[in-house]
Structures are given as C-alpha cells and as structure tokens.
Amino acid sequence: MKVHVEVVSKAPPGGRCEFYDRVFFELVKSYENLYYTLIPSNLYEGDVVPPAVLVNGEVVEPEDALLLTPEEIVEVLRKKGAKPRISEEEIKGRLERAYDEFIGGV
C-alpha cells in the first residue's frame, strides 16, 4: 500500500512551506512506501490554504494550528500505513533537527 503525501505550497515557497518541502523530501528516503508531491498553490485545484499537508488525500492539521511537529508527522504516517526503512526514533531525530533549524531561523 502506498502512502501519498502532498504539500500544497505558496509559490515561491518560504517559511512553513519551505520547511514542509524539506522535511517531506527527507521522509521519502526514510520510508519504503511513501510518495511525495509538492504542489504550488496556483496549480492546486482543491480548497486548502497553504501550507497544507495532505496524506492520502486528507488534510493533516497541526495540533497548535501552526506547524506539524515531528511526533505528529510520524504518528500520521504510521496510522496511514507508512513502512519505515529505519527506526521511528531515528526518523524523529532527523525531523527534530530540521524543526530546530527552522524554529531557530524564524
């Protein structure tokens, strides 16, 4: 079973859009069955406000209404059937580094 992640991003991406693009590109290398598409908002036909993350067509809302955390990302991928190539702890570590870099740069 494939897990398809779409990130609807502002064009050009910046801030959270750029963060999601970087994080999900990294995740493709960390999961066996994860497919990722970055969609500029001017080409997306759905009704979402960028940045938006969709997993198998469903919008994933961050708990804080601002930014998905590493734990939220790993949890939603697990629930949708993503198969990790490495341990979830290693994946969270990679995501936490990206998250810290992003937060530190804001």
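Reader: Is Glu 89 buried or exposed?

Author: This is a predicted model, and Glu 89 lies in helix H3. A residue counts as exposed when its relative accessible area is over 50%. Glu 89 has a relative accessible area of 58%, so its class is exposed.

Reader: How far apart in space are Glu 89 and Val 74, C-alpha to C-alpha?

Author: In sequence, 15 residues separate Glu 89 from Val 74. In space, C-alpha to C-alpha, the distance between the two is 9.4 Å.

Reader: Which residues of H3 are buried?

Author: Helix H3 has 18 residues, and from its first C-alpha to its last it reaches 26 Å, close to the 26 Å expected. What covers its buried residues includes H1 and H2. Those buried residues are Ile 91, Lys 92, Gly 93, Leu 95, Ala 98, Tyr 99 and Phe 102.

Reader: Which members of the largest nonpolar core touch the most other members?

Author: The largest nonpolar core holds 26 residues. The elements that give two or more residues to this core are strands S1 (3-9), S2 (34-40) and S3 (52-55), and helices H1 (16-30), H2 (70-79) and H3 (88-105). The members that touch the most others are Val 5, Phe 24, Leu 27 and Leu 77.

Reader: Which residues does Leu 77 touch, not counting residues up to four places away in sequence?

Author: Leu 77 is among the core members that touch the most other members. A contact here needs heavy atoms within 4.5 Å. Not counting residues up to four places away in sequence, Leu 77 touches Val 3, Val 5, Leu 27, Tyr 31, Leu 34, Val 55 and Ala 82.

Reader: Which residues lie closest to the centre of the largest pocket?

Author: The largest pocket holds about 180 Å³ of space. Its lining has 14 residues, and the closest to its centre are Val 49, Pro 51, Ala 52, Glu 61 and Pro 62.

Reader: How many residues of that lining are charged?

Author: H1 and S3 are the elements that give two or more residues to the lining of the largest pocket. Of the lining residues, twelve are nonpolar and none polar, and the number charged is two.

Methods:
Residues are numbered from 1 along each chain as its sequence is written. This is a predicted model: local features need pLDDT of at least 70, side-chain atom pairs count only at pLDDT 80 or more; totals for chains, interfaces and linings use all residues. Side-chain values use heavy atoms; hydrogens and water are left out. A nonpolar core is a set of buried Ala, Val, Leu, Ile, Met, Phe, Trp, Tyr and Cys residues joined through side-chain atoms within 4.5 Å. Buried means under 20% relative accessible area, exposed over 50%, partly exposed in between (1.4 Å probe, protein chains only). Helices (H or I, at least four residues) and strands (E, at least two) are DSSP runs, numbered from the N terminus. The expected span of a helix is 1.5 Å times one less than its number of residues. On a 1 Å grid over the protein atoms alone, a cavity is a set of points where a 1.4 Å probe fits but cannot get out, and a pocket is an open set with protein on both sides within 12 Å along at least five of seven lines; lining residues have an atom within 4 Å of a point. Grid points are joined across faces, edges and corners, and a volume is the space filled by probe spheres set on the points. Ala, Val, Leu, Ile, Met, Phe, Trp, Tyr, Cys and Pro count as nonpolar, Asp, Glu, Lys and Arg as charged, and the others, Gly among them, as polar.
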